[in-house]
Amino acid sequence: MSIKNIRLEVMQFLEKNVDSFVEQYLIPVEKIWQPSDFLPDSQGENFFEEVKELREIAKELPYDFWVTLVGDTITEEALPTYESWLMDVEGIDQQEGSQGNGWAKWVKQWTGEENRHGDLLNKYLYLSGRVNMREIEMTTQHLINDGFDIGTGTDPYKNFVYTSFQELATYVSHNRVAQIAKKFGDNKLSKMCKMIAGDEMRHHHAYSEFVTRIFQVDPSEMMLAFQYMMKQKIVMPAHFLRESGQKISTAFEQFSDSAQRIGVYTATDYVEIMQKLINKWEIDKISNLTDEAEKARDYLMKLPARMARISERIVIPQESHIFKWVEPARL
């Protein structure tokens with residue numbers, strides 16, 4: 001039997017538990033928070049006073065912080081790309097005119113939760129008065145137009161490694177933004193980002209559990225898929241980021257530099273996430289591996305230390321790139 005057919009069998013085997021995954025890791029619409037819970041109420045009598053206060057506090061936040069927050073928002077708002085990509089994964093079947101299989105149900109409900117993140121951050125940015133919304137909107141449209149290539153193809157094993165890693169990375173990023181916002185006295189923004197980070201951690205637990213289940217039934221192929229993704233490195237979902245009038249991917253490195261300068265997401269975080277996944281999946285204890293998978297395991301066990309040494313040599317520019325999204329603060 002081909003590798004592709006085995007993967008399909010494993011996905012069909014796990015699909016029997018999708019309802020329990022949804023129940024355990026996602027929250028019903030009526031119970032989960034919504035963006036309006038954290039923003040000034042446009043129907044309320046104090047709306048303009050609340051917006052004025054939000055704008056005053058926003059003035060205190062530094063330039064690299066705004067660049068990072070905008071980049072995070074644009075990343076969240078490129079959600080149509082992520083849903084369409086996942087719907088194309090082997091074993092996820094969205095049939096016309098129906099709900100499709102259980103995996104399609106998972107992807108749709110996961111998308112519904114994720115969609116709130118961009119909605120909340122976009123509205124905050126709009127009210128803050130610190131950013132050029134039209135430039136942000138053009139960058140978001142470019143990012144959706146350009147799509148992405150995360151190196152997984154339609155392979156569910158590789159995709160679940162990617163989502164396990166990426167959900168944890170977005171947790172780290174949003175949680176750090178929350179800490180910085182609180183430090184500068186923006187308690188409302190801090191709470192917003194904390195709530196988003198909580199969602200991301202919950203989603204990370206879900207996707208990493210899918211990988212755990214696959215290791216139980218197809219350990220060698222899952223090990224090889226994990227090695228493949230770590231060997232080629234996890235690209236961020238916004239790796240094609242660009243500003244208006246620029247070529248594809250030209251803004252991503254400068255956005256990453258801003259995030260690293262203020263400690264929101266660094267090369268060290270990348271290595272630590274890799275190590276956490278190795279620990280979570282107990283890579284050192286998995287048995288019944290083929291010779292090729294054993295070599296993959298050895299590679300994975302040594303990789304974090306090697307990557308840590310490389311990350312120590314990375315030099316981040318001290319000067320901030322001036323983006324069209326964010327004007328430098330007026331004194």
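**Backbone, fold and aromatic packing of an all-helix model**

Lys233 is partly exposed, with a relative accessible area of 42% (buried means under 20% relative accessible area, exposed over 50%, and partly exposed in between, with a 1.4 Å probe and protein chains only). The model is predicted, and local features need pLDDT of at least 70, side-chain atom pairs count only at pLDDT 80 or more, and totals for chains, interfaces and linings use all residues. Residues are numbered from 1 along each chain as its sequence is written, and side-chain values use heavy atoms, with hydrogens and water left out.

Lys233 is located in the loop between helix 10 (219–232) and helix 11 (252–261). Helices (H or I, at least four residues) and strands (E, at least two) are DSSP runs, numbered from the N terminus. Although Lys233 is not a glycine, its phi is positive, at about 75°. Most residues other than glycine have a negative phi. Ser249, found in the loop between helix 10 and helix 11, is likewise a residue other than glycine with a positive phi, near 75°. Ser249 is partly exposed, and its relative accessible area is 31%.

Helix 11 itself contributes a set of buried residues, namely Phe252, Phe255, Ser256, Asp257, Ser258 and Ala259. These buried residues pack against helix 4 (63–77), where contact means heavy atoms within 4.5 Å.

The overall fold was examined next. The protein contains 13 helices and zero strands. Its radius of gyration is 21 Å, close to the 20 Å that the globule rule gives for 331 residues, so the protein is as compact as a globular protein of that length. The radius is taken over C-alpha atoms, and the globule rule is 2.2 Å times the number of residues to the power 0.38. Along the principal axes, the C-alpha trace spans about 65 × 50 × 35 Å. Of the 331 residues, 53% count as buried. Among contacts between residues at least 6 apart in sequence, 82% join residues at least 24 apart.

The protein exposes about 16,300 Å², of which carbon and sulfur atoms supply 50%; accessible areas come from the Shrake-Rupley method with a 1.4 Å probe, and for residues only the protein chains shown count as cover. The mean positions of the 38 positive and 51 negative charges are 4 Å apart. Lys and Arg count as positive and Asp and Glu as negative, while His and the chain ends are not counted; the place of a charge is NZ of Lys, CZ of Arg, CG of Asp or CD of Glu.

A search of the whole structure finds 21 aromatic pairs. Rings of Phe, Tyr and Trp (its six-membered ring) pair if their centres lie within 6.5 Å; planes under 30 degrees apart count as stacked, over 60 as edge-to-face and the rest as tilted. The ring centres of Trp85 and Phe148 are 5.1 Å apart and the planes stand at 85°, so this pair is edge-to-face. The pair links distant parts of the chain, 63 residues apart: Trp85 lies in helix 5 (residues 79–87), and Phe148 in the loop between helix 7 (133–146) and helix 8 (156–183). Phe148 counts as buried, at 9% relative accessibility. Trp106 and Tyr207 also form an edge-to-face pair, because their ring centres are 5.8 Å apart and their planes are at 85°. Trp106 belongs to helix 6 (residues 102–128) and Tyr207 to helix 9 (residues 187–217), so the pair ties together parts that are 101 residues apart in sequence. Both Trp106 and Tyr207 are buried. One aromatic cluster is formed by Phe21, Trp103, Trp106, Trp110, Phe160, Tyr207 and Phe210.
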